[in-house]
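Hi,

Here's the structure I said I'd pass along.

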Amino acid sequence: MTNKIQILGIAGSLRANSFNRSLLKNAQERMPADAALEIYSLDDLPVYNQDLEQALPLSVERLKAAIARSDAILFATPEYNYSIPGVLKNAIDWASRPGGASAWAGKPAAIIGATAGTLGTARAQYHLRQILVALDMPTVNQPEVMIAGSRDKFDPSGHLHDEKSIQILDALLKKFISLAHAHAR
């Protein structure tokens, strides 16, 4: 394992100070020396429209290029109405199209999530896992980073200070990087 694993982090929230963007930043700070995490913003993606597949919007080309140069994908998803947010599903749809040209195929993935609610994004994560199966993305199954009650676990600057959550995040990152090394090009 000599090559540095390049991980693309994608938050399913557009809110600048979202718990999930903060969780990605915490993961970025906790990366071991053999991995690097780039946090990618979905702010400029248009709503998916199949009519635009023949001449992809520039923001979609940038997303697909970022995925292509990454060894693995770390998704941080909030939970909206028992599922993943529309912005995340939109990005997944754009990067999986046109048919037969999915940027996601074969990329190792892991899922993390944080919410102020009590279920810690469990339903959204399970729904996202179903989608990742369809995209042929090998995914870390355990441990599951589902941080509930986020208001009490992050400080106002977004730093995760809950020791149990930090331990679970570290354990997931270790397994994730191992999975990424096993699938590295």
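Predicted model: local features only at pLDDT ≥ 70, side-chain atom pairs only at ≥ 80, totals over all residues.

Let's start with helix α2, which runs over residues 58–68. Its buried residues are Ser59, Val60, Leu63, Lys64, Ala66 and Ile67. They span an arc of only 160° around the axis, so they sit on the same side of α2.

Now for α3. Seven of its 10 residues are buried, so α3 is largely enclosed by the rest of the structure. Those buried residues are Val87, Leu88, Asn90, Ala91, Ile92, Trp94 and Ala95, and what covers them includes β1, α2, β3 and α4 (122–134).

Next, the largest pocket, which holds about 180 Å³ of space. Among the residues lining it are Asn17, Phe19, Lys25, Glu29, Phe154, Asp155 and His159. Sorted by class, the lining has three nonpolar, six polar and three charged residues.

Last one: is serine 165 buried or exposed? Serine 165 has a relative accessible area of 7%, and buried means under 20%, so it counts as buried. You'll find serine 165 in helix α5 (residues 163–183). Its side chain makes a polar contact of 2.6 Å with the side chain of aspartate 162. Setting aside neighbours within four places in sequence, serine 165 touches Ile147, Lys153 and Leu160.

Cheers

How values were computed: Residues numbered from 1 in each chain as written. Heavy atoms only, no water. Buried < 20%, exposed > 50% of the residue type's maximum accessible area, 1.4 Å probe, protein only. Helix = DSSP H or I, 4+ residues; strand = E, 2+ residues; numbered from the N terminus. Arc of directions from axis to C-beta. Contact = heavy atoms within 4.5 Å. 1 Å grid on protein atoms, 1.4 Å probe; cavity = no way out; pocket = protein on both sides within 12 Å on 5 of 7 lines; lining within 4 Å. Points joined across faces, edges and corners; volume = space filled by probe spheres on them. Nonpolar A, V, L, I, M, F, W, Y, C, P; charged D, E, K, R; others polar. Polar contact = N/O pair within 3.5 Å; in protein donor to acceptor, adjacent residues only side chain to side chain.
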